[in-house]
Amino acid sequence: MPLRILVGVKWVPNTQAVRIDPKTGTLIRQGVPSIVNPNDLAAVELALRLRDQHGGEVIAVSMAPPPAVKGLEMLLGMGVDYAYLFSDRVFAGADTLATSYVLAHGVKYVERERGKVDLLVFGQETIDSSTAHVPAQTASWLGWPYIYYARRVEVADGRVRVERVVEGYVEEYELPMPAVISVAARSFKPREVTLRGKLRAKTEKPIKIVSNKELGLDPRCVGLKGSPTIVAKVTYLPEVPRRKEVYRPRDARDGARWLLRKLLTDPETRDVILSALWGGSGAREG
């Protein structure tokens with residue numbers, strides 16, 4: 001049975017260059033390099049594998065500023081068939097609840113244009129906020145079953161079977177479709193981007209930009225106005241001064257001895273190390 005799979009992706013600032021507006025508590029994107037959230041690439045790969053196995057199409061969806069088109073072009077280079085970018089000034093400053101609200105209505109918009117969606121797949125979490133809220137919240141808005149930390153996914157007879165690992169235990173679930181899946185980080189190695197795929201993004205124009213004019217959402221329910229999360233205070237911590245030392249050991253054993261001696265000279269570090277070695281709550285005497 002051919003599948004129509006949507007993949008939710010986020011256009012995130014490079015975490016080494018993240019800046020926060022101290023007044024609004026929102027990310028400053030202007031002048032900051034951005035990338036496709038790395039954890040979302042595993043979700044894209046899973047969707048492509050399921051399409052390759054069952055047929056159908058993979059559609060990337062994202063709520064982001066216009067520059068996110070570059071990220072969607074990269075996904076088309078990986079083999080994604082189509083992409084939708086939900087972009088509007090009224091969406092700016094959204095927390096996870098407002099973001100998932102837009103994405104859920106975006107899924108319905110795609111269904112009206114392309115037909116019934118079977119699966120909505122997300123990455124485990126984003127590297128800029130690490131909340132992992134959006135997949136579950138989007139599933140809640142849609143009323144679809146949801147499972148997270150998926151590392152193996154099979155589809156048969158209108159149902160999806162998922163294997164995941166939680167706290168060292170392997171769990172298996174079977175859900176009716178449509179369903180929402182969050183893929184465990186590094187579960188699927190993303191395939192390479194091809195030049196042919198990137199050229200297709202330029203020539204066939206399979207990316208559609210959708211504003212709130214098309215979605216018709218109440219501005220009070222989206223963006224900063226629709227976000228109940230409040231950043232009460234932002235504190236910038238000064239860089240911790242570090243004393244750099246270089247030691248060239250004769251071999252691995254000599255290096256380990258030197259490092260251990262250095263660590264044991266600090267009382268707090270010494271107590272932690274000795275506690276770990278002896279398995280007690282603190283360092284033993286003697």
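A residue is called buried when its relative accessible area is under 20%, exposed when over 50%, and partly exposed in between, with a 1.4 Å probe and protein chains only. The model is predicted, so local features need pLDDT of at least 70 and side-chain atom pairs count only at pLDDT 80 or more, while totals for chains, interfaces and linings use all residues. Residues are numbered from 1 along each chain as its sequence is written, and side-chain values use heavy atoms, with hydrogens and water left out.

**Exercise 1. Classify the two partners of the salt bridge between Asp254 and Arg250.**

Step 1. A salt bridge is a side-chain nitrogen of Lys or Arg within 4 Å of a carboxyl oxygen of Asp or Glu. Between Arg250 and Asp254 the N to O distance is 3.6 Å.

Step 2. Asp254 has a relative accessible area of 5% and is therefore buried.

Step 3. Arg250, at 70% relative accessibility, is exposed.

**Exercise 2. Determine which parts of the chain are tied together by the salt bridge of Arg191 and Asp52.**

Step 1. The side chains of Arg191 and Asp52 meet at 3.2 Å, N to O.

Step 2. Helices (H or I, at least four residues) and strands (E, at least two) are DSSP runs, numbered from the N terminus. Asp52 belongs to helix H1 (residues 38–54), whereas Arg191 sits in the loop between strand E10 (179–183) and helix H5 (195–203), so the pair ties together parts that are 139 residues apart in sequence.

Step 3. Arg191 is partly exposed at 28% relative accessibility, and Asp52 is partly exposed at 46%.

Step 4. Both residues belong to a network of salt bridges that links Glu45, Arg49, Arg51, Asp52, Asp81 and Arg191. The count of salt bridges comes to 20.

**Exercise 3. Locate Asp81, and state how far Asp81 is from Arg200 in sequence and in space.**

Step 1. Asp81 is found in the loop between helix H2 (69–78) and strand E5 (82–86).

Step 2. With a relative accessibility of 18%, Asp81 counts as buried.

Step 3. Asp81 and Arg200 are 119 residues apart in sequence, and their C-alpha atoms are 9.8 Å apart in space.

Step 4. Helix H2 itself is mostly covered, with eight of its ten residues buried. Among them are Val69, Leu72 and Met78. Just after H2, Gly79 takes a positive phi of about 130°.

**Exercise 4. Describe how strands E8 and E9 are linked by the pair Arg161 and Glu174.**

Step 1. The closest N and O atoms of the salt bridge between Arg161 and Glu174 are 2.8 Å apart.

Step 2. Arg161 lies in strand E8 (residues 159–166) and Glu174 in strand E9 (residues 169–176), so the pair ties together parts that are 13 residues apart in sequence.

Step 3. Arg161 is partly exposed, with a relative accessible area of 33%, and Glu174 is partly exposed at 38% relative accessibility.

Step 4. Strand E8 also holds Glu163, which is buried with a relative accessible area of 9%. The side chains of Glu163 and Arg151 are joined by a polar contact of 2.8 Å. A polar contact is a pair of N or O atoms within 3.5 Å; within protein, one must be able to donate a hydrogen and the other to accept it, and residues adjacent in sequence count only if both atoms are side-chain atoms.
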